[in-house]
Amino acid sequence: MRAGSRLLGQQLKDAVLARAKAENNQLYARYQKDQGSIVMVIATDLPLSSRQLGRLARRSAVGLARTGSYIGDGFGDIALAFSTAQRVSHFAKEAESFSFLPDSQLDPVFEAGTETIEEAVLSALVHAETLTGFQGRRVYGLGDFL
């Protein structure tokens, strides 16, 4: 895991595994590196075309990678981007036309999307709480180790 320029992955992994061992938590006995899935959603009020929204969604993987994920084998990542800038009338009698940002102005949008995903992932990890579930299975919140 990476937060800004600080590498925290190995230090946090060691702390989590040490606590799991001390508490005899078998859930972490088969610890595997970089597995799981994520759904990333980017909503904007910018006037973007469906093609531009697809480009924005694909760049969400960059924000995920900034947190230290290398998007390993077995991942089922989903990225979705949508815009609320323009509405399509269901009862229009004539063709409607829309205007979109030119591609030459998209770099700041891509940068903001990347930073948004990175911040959302870090926020979710830091604010997650330690939970005890079915049959006493305990999953640790990252905030306990920071």
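These legends describe close-up views of a predicted model.

**View 1. A nonpolar patch lies on the surface.**
Five residues form this patch: Val39, Val41, Ile78, Leu80 and Phe82. Together they have about 450 Å² of accessible area. Strands S3 (39-44) and S4 (78-83) each supply at least two residues of the patch. The largest share, three residues, comes from S4. Val39 belongs to strand S3. Its relative accessibility is 57%, so Val39 counts as exposed; the cut-off for exposed is over 50%. In soluble globular proteins, nonpolar side chains tend to be buried together.

**View 2. The largest nonpolar core has 14 residues.**
Leu48, Leu56, Ala81, Leu106 and Val109 have the most contacts inside this core. Strand S3, helix H2 and helix H4 (107-127) each supply at least two of the core's residues. Helix H4 gives the most, with four residues. Center the view on Leu48 to see its contacts beyond four places in sequence. Leu48 touches Leu53, Leu56, Ser83, Phe100, Leu101, Leu106 and Val109.

**View 3. Gln52 is a buried residue of helix H2.**
Helix H2 covers residues 50-58, and Gln52 sits within it. Gln52 has 3% relative accessibility, so it counts as buried; buried means under 20%. What does the side chain of Gln52 approach at 2.8 Å? A polar atom of that side chain lies 2.8 Å from the backbone nitrogen of Ser49. Neighbours within four places in sequence are left aside in the next list. Gln52 is in contact with Pro47, Phe100, Leu101, Pro102, Asp103, Leu106 and Phe110.

**View 4. Arg51, Arg55 and Asp103 are linked in a network of salt bridges.**
Arg51 and Asp103 meet through their side chains, at 2.7 Å from N to O. This pair links distant parts of the chain. Arg51 is in helix H2, and Asp103 is in the loop between S4 and H4, 52 residues apart. The side chains of Arg55 and Asp103 also form a salt bridge, at 3.8 Å from N to O. Arg55, in helix H2, and Asp103, in the loop between S4 and H4, are 48 residues apart. How exposed is Arg51? Arg51 counts as partly exposed because its relative accessibility is 45%. Asp103 has a relative accessible area of 36%, so Asp103 is partly exposed too. Both values fall between the cut-offs of 20% and 50%. A search of the whole structure finds four salt bridges.

**View 5. Glu118 and Arg66 form a salt bridge between two helices.**
The closest N and O atoms of Glu118 and Arg66 are 3.3 Å apart. Glu118 is in helix H4 and Arg66 is in helix H3, 52 residues apart, so the pair links distant parts of the chain. Is Glu118 buried or exposed? Glu118 counts as buried because its relative accessibility is 13%. Arg66 counts as partly exposed, at 33% relative accessibility.

**View 6. Thr67 is a buried loop residue.**
Thr67 lies in the loop between helix H3 (60-66) and strand S4. At 7% relative accessibility, under the 20% cut-off, Thr67 counts as buried. Which backbone atom lies 2.6 Å from a polar atom of the side chain of Thr67? The backbone oxygen of Leu64 does.

**View 7. Gln135 has a positive phi.**
The phi of Gln135 is about 55°, although Gln135 is not a glycine. Most residues other than glycine have a negative phi. Where does Gln135 sit? Gln135 is in the loop between strand S5 (131-132) and strand S6 (138-139). Gln135 is exposed because its relative accessible area is 61%, which is over the 50% cut-off.

Notes: Residues are numbered from 1 along each chain as its sequence is written. This is a predicted model: local features need pLDDT of at least 70, side-chain atom pairs count only at pLDDT 80 or more; totals for chains, interfaces and linings use all residues. Side-chain values use heavy atoms; hydrogens and water are left out. Patches are made of residues with over 30% relative accessible area and no salt bridge: like charges are joined within 9 Å, nonpolar side chains (Val, Leu, Ile, Met, Phe, Trp, Tyr) within 5 Å. Accessible areas come from the Shrake-Rupley method with a 1.4 Å probe; for residues, only the protein chains shown count as cover. Buried means under 20% relative accessible area, exposed over 50%, partly exposed in between (1.4 Å probe, protein chains only). A polar contact is a pair of N or O atoms within 3.5 Å; within protein, one must be able to donate a hydrogen and the other to accept it, and residues adjacent in sequence count only if both atoms are side-chain atoms. Contact means heavy atoms within 4.5 Å. A nonpolar core is a set of buried Ala, Val, Leu, Ile, Met, Phe, Trp, Tyr and Cys residues joined through side-chain atoms within 4.5 Å.
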